[in-house]
Amino acid sequence: MAHNPTIPERRSRMTFSRRQALWGYLLALPAILLVLGLVAYPFFYAIYISFTSRVVGNPGEWIGLDNFRYLKTSPSFTRSIRNTIVLVLVTDVAKLGIGLGLALLVNQNIKGRGIFRSFIMLPWAMPGFVAFLTWRVLYQPIGGGINLVLTQTGIHPEVIDWLGQKSTAMPAVIIATVWRGFPFWFISFLAALQSVKPDLYEAARVDGANGWRRFWSVTWPAIRPVVLVTTLLSSIWTANSFENIYLLTQGGPSDATMVFPVLAYFGMQTQRLGEAAAVSVAMVPVLAILVIVVTSLMQEED
Amino acid sequence: MATSMRSKREGSIRRTNLLTNVGTYVVLILVVAIALFPIYWMVVTSLKLPREIYRMPSLWPDVFTSRNYRSLIQEEDFLVNIKNSFIVATCVTSISLVISSFAAYSLVRFRYRFKGLVGRIILFAYLTPTSLLFIPLSILIAKLNLGNSLQGLILLYLTFSLPLSTWLLQGYFRGVPRELEEQAMVDGSTRLGALFRILLPLSAPGLAAVAVFTFTGAWNELLLALILISSESKRTVPLGINYLITSDVLPWGTLMAGAVISSLPMMLLYFVAQRFMVQGMTSGSVKG
Amino acid sequence: MTMNNRITRRRVLGTSVAGAAAVGLAGSRLQESLAARKAPSHIQASGKVTYWGGLIFSDEANNLLSETITKWGEDNGVETEVVMINQNETNQKVSAAVESGTMPDALDMGLDLLLLLSSQKEILAPLDDLYTKIGDAQGGWYESMAASTDTTAIAGGRTGIPFGASGNLILRRNDALSAAGFTAAPATWEEMVTQAKAVQAPPLYGLGLALSNVGDGNVQMSVLQSYGGRIADDEGKTVTIKSDATRTYLQWVKDAWDAGIFPPGNTTWDGAGDNQAYLAGQAAFIANTGSVAIAARNDDPELFEATAYSPLPAGPNGIISPTNPNVRAISAKSANMDAAKALVEFLSNPEFMAAYFNVAIYGPVLKNQATFPAYNGENLILAGLLDLVSNGTPPGFPDKYNTAYGDFSANFIVPKMVQRVVIDGYDFDKAMDEAQTQGQAIYDKYK
């Protein structure tokens, strides 16, 4: 094609990028419409009512930061902050390690990998509340599955009160949460590993790279975007998760596992929507920062 | 010289492979066993009588009974719940895949001014927990006259699955080199054609993963279904199981039976989906 | 207390079989006679009349309610829809319904929800005339029911028609206790600890009381009050939880905790925790509304036979044993007000209620109902509930059960205070100070 840097080409370049922009918006439109239409309203509604004295059946009036001030007086508030951070960090790291490790293992061409992959997904195959109710029973001091195994195999002859002791409550919640959540990481990594061309591995092997090197130079760059997204989404979900804590410990014993969603739930039981919203809204700035940072990391490549 | 070196290297590679394979199996079996212990407990409990569940906790039933399953299917119409969940989950998954493929394609391959903002806005759907959002959502649904309907549920679930699907697909789409589509467009294909004929097939594992997430999420969701659905005939699986709990004594036998029955379709789904996760779909495509 | 009759399996099973038979075999006869109670002919219902019923542990009771309402609708040419709701979710469903304008025409609820909804305008309809009419027709309402459901001050009228009373009884392992030499029910909390210590033999723990952030944990509020402690003053405005009486109560809890008689995990039990402990044979005493007895009757006859019932024991300040009313209410925005009122009136008729009480776990609310077969003394749980209604204390007594008190309970301040002492090792003053500050912050919201 002959390139003649004259006006006609400049015109076609402008049209090209405008057409690109148009296509871009058009393709994203259904998603934007649905999300804006159905989620934007509740999201801003929640932020708005956190500054009001709204209760069920009564819009209340604007009270500024009063709900937040009341929230701060609650001794559970400070513990919630610490617990949420611990919960998110530890479960993220655990799920990352387990999910990635398993994905690497079953990515190989071993026999029965289909069965392994399906079975590994089982913690996800039932509703969340059923999973956590089951863990509740498993953690029971007397007659719970875990203690049964521990005492009968002699690993720990005495029964452990997993959920009732301050020292073991949070670890117990973390284990159950990781069990429930790691299939998400596993499957998203497995899919990401597919995009890595095997020839690249072969080339690296020929160059003398060992397994570790191969992982860092070939695998990691290819799966990095997926790792970022998975971490971001899982962190947000864990920070907002309610069922795991509520069904296992209700935030106890003595606030050892109290987190914001459970605090918000207690607020909802008294139908004081403003207060409940304040609890959720208190978390939004932190989560929003997380979203912006990680999405920037992902989109910088464009 | 070269031949013996090569055969020596092949020998050591073979040995490493065997070790790796055995090691892999051991780790996998161990992990699966530990991960599946709660599942084992669920299955075993679903086959026990209530008295045994409470009074004689053990790792194996003393008396096997099928009454929990019979009660679920015959008295509680659990199969209707499965049907409803199936309808909802399938609709949500298929619609979500289409819409989020478009959106992800837009966010990855196009350049336009508010791209960053668009991407982030849809993520903000997750920032407030459903335990707070259910009230404004129920107001919205009432205004749209979709109360107590599966359609309303599909709409709500769609909204919550889109951010996840879109962002994950972005990750997978980025893994496919641009050059392939650009080559196709040079050869005369349209943008959409490139999407359908090049990008989507090469991202099949990613699509399968997203389908799994969306389906599972829609299948297992409880709170919104609880608020939205009032009629027994429209209950989904989580509602069906939830309504077994009438008061402060939990019917463990039927609860666990419900969990087991509801996980069977999911296992089928996972088995089918993982068959799309086959390495090498991108190999042999760009040579030189 | 007339509760010392040794229960025999045959007797109670006999009652339940008779009860079930009365519902089943005579069910059609029941429905026929109920059909005779036609609604006034001027009932016009535009569209469906929806009723939200709260699920209770008895399937038969739930089905009976559902079928009766449907049959009433058929007999009176009114289209009805009955939706049975889990009690754990009533609050959420009702909140969403109020906000989105999709409230049912009539529903049943407990006291907390009644107070919450009645304190806002235009949510529940005033039903004073219906209340008086029903009361007059059936011997008058029990004082405890009348007093606790009086929403006149906050809503300008009565918004709830009581239909059943519930409350906690103490269930105890009579077999283990008799073997240890205790045949009589404990009369005080101290005595209960003594008896619990005597039968303590892990895996059987003596004192199956919950100390967690759930409704069962709030039984501790009653214990605290029976020791003379008060949540707030008589006005219901200033929190007075820090006191010597509370200190004595905390000492009681701490001593019991240190003696190791609480089952492990009771600081994080959910609503089912104490029941599960009892059904698994791990607790000698629990406080329960009766559901455990029914579960035992159905699935574990041996345990059922070994169980005896008594009211909550006394503290130094007497017995605090709250009787909780369950009421039916009508939405103020109902499009079928007349039909809804007719339905609620119909549901309080003696024939239906007699059959219902046979299979449910409620005490009576109207004085004439004490003569129903359900309360003839054969069924010890129901007998206990009858006693509760006649002699129990109003909810919250001696404190004023206002919305602030409800908020205080919903935040489980008392169980938390106990948790601070036994889990975190706070000394009594520090724990009481925290409860005092947090409690006052809650009460201040309602000034």
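Guide: Two residues count as being in contact if their C-beta atoms, placed from the backbone, lie within 7 Å. The model discussed here is predicted.

Visitor: How many residues does the contact take from chain A and from chain C?
Guide: Under that cut-off of 7 Å, both chains contribute to the contact. The numbers are 28 residues from chain A and 33 residues from chain C.

Visitor: Which elements give two or more residues to the side of chain A that touches chain C?
Guide: By class, this side of chain A has 15 polar, eleven nonpolar and two charged residues. The elements giving two or more residues to it are α2 (66-73), α7 (166-193) and α11 (260-269) of chain A.

Visitor: Which strands stand at the edges of the open sheet in chain C?
Guide: The sheet has five strands in the order β2-β1-β3-β11-β4 (chain C), with mixed pairing. Two of these strands have a single partner each, so one side of each is left without a neighbour in the sheet. They are β2 (80-85) and β4 (161-166) of chain C.

Visitor: What is the bridge partner of Tyr51(C) in β2(C)?
Guide: Strand β1 (residues 49-54) of chain C runs parallel to β2(C), and six bridges join the two. In β2(C), the partner of Tyr51(C) is Val82(C).

Visitor: What angle does the direction of helix α3 of chain C make with that of β2(C)?
Guide: Helix α3 (residues 59-75) of chain C packs on the sheet and touches β1 and β2 of chain C. Its direction and that of β2(C) make an angle of about 165°.

Technical notes:
Residues numbered from 1 in each chain as written. Chains lettered and ligands numbered in written order. Predicted model: local features only at pLDDT ≥ 70, side-chain atom pairs only at ≥ 80, totals over all residues. Pairing = 2+ DSSP bridges. Helix = DSSP H or I, 4+ residues; strand = E, 2+ residues; numbered from the N terminus. Axes fitted to C-alpha atoms, helices over the stretch in contact; angles between N-to-C directions. Nonpolar A, V, L, I, M, F, W, Y, C, P; charged D, E, K, R; others polar.
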